[in-house]
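Biologist: Can you take me through this model? I'd like to start with how the strands pair.

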Amino acid sequence: MKNFLKKIAAFVLAAVCICGMGTAGAAEKSVMDSVTERGVLRVGFSTFVPWAMQDKNGEYIGFEIDVARRLAADLGVELQLVPTNWDGIIPALLAKKFDVIIGGMGSTPKRNLTVNFTVPYDYAVMDMVANKEKAAQLKTLEDFNKKEVVVAVRNGSSGAAYAKKYLPDATLRVFNEEAPAVQEVLSGRAHAFISSRPLPALEIAKNPNTLFRPFALDNYREPVGFAVRKGDFDTLNVFNNWIITQNASGWLKERSDYWFMGTDWQKDIPLR
């Protein structure tokens, strides 16, 4: 009887501990709770033209900046932009340097192992720009998929993911920013540069005598979502519903069309 009572006591104690753990976990604040309490939404991003960039006055503008500003306004909080190097942006999110990544980040399965993504608020469509002289004889994707062909990409970008998947035999030259990658093609040290639209088209427009589009890359369209720390379903729910609402209202499409289909914004940024 004594042993039986000991077992019952141990069972009850274990149940109490488990319940206590569950209560503690449930009581943990979500990021959205912290945002509303402090009155500030901290957004991590990296510069990608025209997702996010600095204008002539040094202020950040771009599609992502519009999205972050509208989101903060709709939540009734202030916006704090946290520019971050692309190769360290997920570790910075996990280290709680900011609340969310709104930075043109593709919702890839590999990244999804580390962070949670919202529903897409946009899609990254790939494009290629090539050196007219160096790549004159390259007419197809297969032509570029050779060891002697050098393709410039930005580290960790959708363009880099595209090149690794579809040009596995080409020689990839990886840069931390887009400008030196484009310069590599302009100088003839690389055959081509792959990036999200509309940057390649903008570079061709600026350098029509040197650069061209050998063909359209219509076989790759990557969903782009906000990235948040794993397990925070309250925050994910708020962001998802905001994206759904702004998609339904047409606001996201209007801003996307302005930044990715038009060129009016170019007058606001310094010439490179």
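Biologist: Which residue in β9 does V153 stand opposite?

Modeller: V153 faces V174 there. Bear in mind that this is a predicted model.

Biologist: And how many bridges join strand β8 to strand β9?

Modeller: There are 5 bridges, between residues 150-154 of β8 and residues 171-175 of β9.

Biologist: Do those two run parallel or antiparallel?

Modeller: Strands β8 and β9 run parallel.

Biologist: What unit do β8, α7 and β9 make?

Modeller: Together they form a β-α-β unit, and the unit is right-handed.

Biologist: Which residues lie nearest its centre?

Modeller: F48, W51, G104, S157 and S196 do, out of 13 residues that line the largest cavity. Helix α7 (158-166) and strand β10 (192-196) each supply at least two residues of that lining.

Biologist: How does the lining divide into nonpolar, polar and charged?

Modeller: The lining of the largest cavity has 5 nonpolar residues, 7 polar and 1 charged.

Biologist: New topic: T235. Where is its place?

Modeller: T235 is in helix α10, which covers residues 233-249.

Biologist: Is T235 buried or exposed?

Modeller: T235 is buried, because its relative accessible area is 1% and the cut-off for buried is under 20%.

Biologist: What does T235 touch?

Modeller: Leaving out residues up to four places away in sequence, T235 touches S30, V31, M32 and V228.

Methods:
Residues are numbered from 1 along each chain as its sequence is written. This is a predicted model: local features need pLDDT of at least 70, side-chain atom pairs count only at pLDDT 80 or more; totals for chains, interfaces and linings use all residues. Side-chain values use heavy atoms; hydrogens and water are left out. On a 1 Å grid over the protein atoms alone, a cavity is a set of points where a 1.4 Å probe fits but cannot get out, and a pocket is an open set with protein on both sides within 12 Å along at least five of seven lines; lining residues have an atom within 4 Å of a point. Helices (H or I, at least four residues) and strands (E, at least two) are DSSP runs, numbered from the N terminus. Ala, Val, Leu, Ile, Met, Phe, Trp, Tyr, Cys and Pro count as nonpolar, Asp, Glu, Lys and Arg as charged, and the others, Gly among them, as polar. Buried means under 20% relative accessible area, exposed over 50%, partly exposed in between (1.4 Å probe, protein chains only). Contact means heavy atoms within 4.5 Å. Two strands pair if DSSP finds at least two bridges between them. A crossover is right-handed if, with the strands pointing away from the viewer, the path from the first strand over the helix to the second runs clockwise.
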